[in-house]
Amino acid sequence: MKLTHLDENGAAHMVNIGAKPVTQREAVAQSVLTMQPETLRMILDGTVPKGDVFACARIAGIMAAKRTAELIPIESVDIAIEAVSETQVRVVSTLRCSHKTGIEMEALTAATVAALTIYDMCKAVDRGMRIDETLLLHKTGGKSGDYHAEGAAAR
């Protein structure tokens, strides 16, 4: 497999996307946080001293996606956050745009920054939290077609 951002000598270069058609694109990424059950209970009960953790994380994820995409117009950013067990929270970012190039990096950035925000808001009560399973779940559109991570459920 040839890396498109390297020339024949292995030097980094910008890929010319001038001739690529504009297509509808969607990328979905996730990050999973593992924490103590008491920490998740505080988040869900709204008793974390810093405020509404999930609301702040959603805003941070959206803002991160927008900053990542300063040159690529994003038409839609959705950050879904849910408790998936008594010790885990799953952050899923879904981004959409009509453009010549993908938005996978923006989706990954949004999920990661939302997860980092949850960590930041809860670190005073649980410094042992882990952010795991940050990955691209799927993407659609563009020359390379659709991608679905093995074992990932489509959203």
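Colleague: How much space lies in the largest pocket?

Modeller: About 770 Å³ lies in the largest pocket of this predicted model. The pocket has 22 lining residues, and the closest to its centre are Thr-4, His-5, Val-15, Lys-20 and Thr-101.

Colleague: What makes a residue part of that lining?

Modeller: A lining residue has an atom within 4 Å of a point of the pocket. By class, the lining is made of seven nonpolar, nine polar and six charged residues.

Colleague: Which elements does the chain have, and in what order do they run?

Modeller: The chain has three helices and five strands. Read from the N terminus, the order is β-α-α-β-β-α-β-β. The C-alpha trace spans about 55 × 30 × 30 Å along its principal axes.

Colleague: How do you know that β1 and β3 pair?

Modeller: Two strands count as paired if at least two bridges are found between them. Strand β1, residues 23–34, and β3 have 12 bridges, in the antiparallel sense, so by that cut-off they are paired. One of the bridges joins Leu-33 to Val-89 of β3.

Colleague: What about β4 and β5, with how many bridges?

Modeller: Two bridges join β4 to β5 (residues 147–148), again antiparallel. The cut-off is at least two, so this counts as a pair. His-138 has His-148 of β5 as its bridge partner. The two strands form a hairpin with six residues between them, and Gly-141 in that turn has a positive phi of about 90 degrees.

Colleague: Which other strands are joined by bridges?

Modeller: β2 and β3 run antiparallel and are joined by eight bridges. Ala-83 has Val-89 of β3 as its partner, and four residues lie between the two strands of this hairpin. Eight bridges also join β1 to β4 (residues 130–140), in an antiparallel arrangement. Among them, Thr-34 is paired with Arg-130 and Ala-29 with Leu-136.

Colleague: Why are β2 and β5 said to stand at the edges?

Modeller: The five strands form an open, antiparallel sheet in the order β2-β3-β1-β4-β5. β2 and β5 each have a single partner strand, so one side of each is left without a neighbour in the sheet.

Colleague: What does the pairing of strands in a sheet rest on?

Modeller: Strands of a sheet pair through backbone hydrogen bonds, either parallel or antiparallel.

Colleague: Which residues of α1 are buried, and what puts them on the same side?

Modeller: In α1, residues 37–45, the buried residues are Pro-37, Thr-39, Leu-40 and Ile-43. They cover an arc of only 160 degrees around the axis, which puts them on the same side of the helix. These buried residues pack against α2 (53–68), β2 (76–83), β3 (88–99) and α3 (104–122). Just after α1, Gly-46 has a positive phi of about 75 degrees.

Colleague: Why is Ile-118 called buried?

Modeller: Buried means under 20% relative accessible area. Ile-118 has 0%, so it is buried. Ile-118 lies in α3. Leaving aside neighbours within four places in sequence, its contacts include Leu-33, Met-35, Ile-43, Val-53, Phe-54, Ala-57, Ile-81, Val-89, Val-91 and Met-129. Its C-alpha atom is 9.7 Å from that of Asp-52, which is 66 residues away along the chain.

Colleague: And Ala-57, buried or exposed?

Modeller: Ala-57, in helix α2, has 0% relative accessibility and counts as buried. Apart from residues up to four places away in sequence, Ala-57 touches Ile-81, Ala-114, Thr-117 and Ile-118. The C-alpha atoms of Ala-57 and Ile-81 are separated by 8.5 Å, with the two residues 24 apart along the chain.

Colleague: What is the share of buried residues in the chain, and what share of the contacts joins residues at least 24 apart?

Modeller: Of the 155 residues in the chain, 35% are buried. Among contacts between residues at least 6 apart in sequence, 69% join residues at least 24 apart.

Note on methods
Residues numbered from 1 in each chain as written. Predicted model: local features only at pLDDT ≥ 70, side-chain atom pairs only at ≥ 80, totals over all residues. Heavy atoms only, no water. Buried < 20%, exposed > 50% of the residue type's maximum accessible area, 1.4 Å probe, protein only. Arc of directions from axis to C-beta. Contact = heavy atoms within 4.5 Å. 1 Å grid on protein atoms, 1.4 Å probe; cavity = no way out; pocket = protein on both sides within 12 Å on 5 of 7 lines; lining within 4 Å. Points joined across faces, edges and corners; volume = space filled by probe spheres on them. Nonpolar A, V, L, I, M, F, W, Y, C, P; charged D, E, K, R; others polar.
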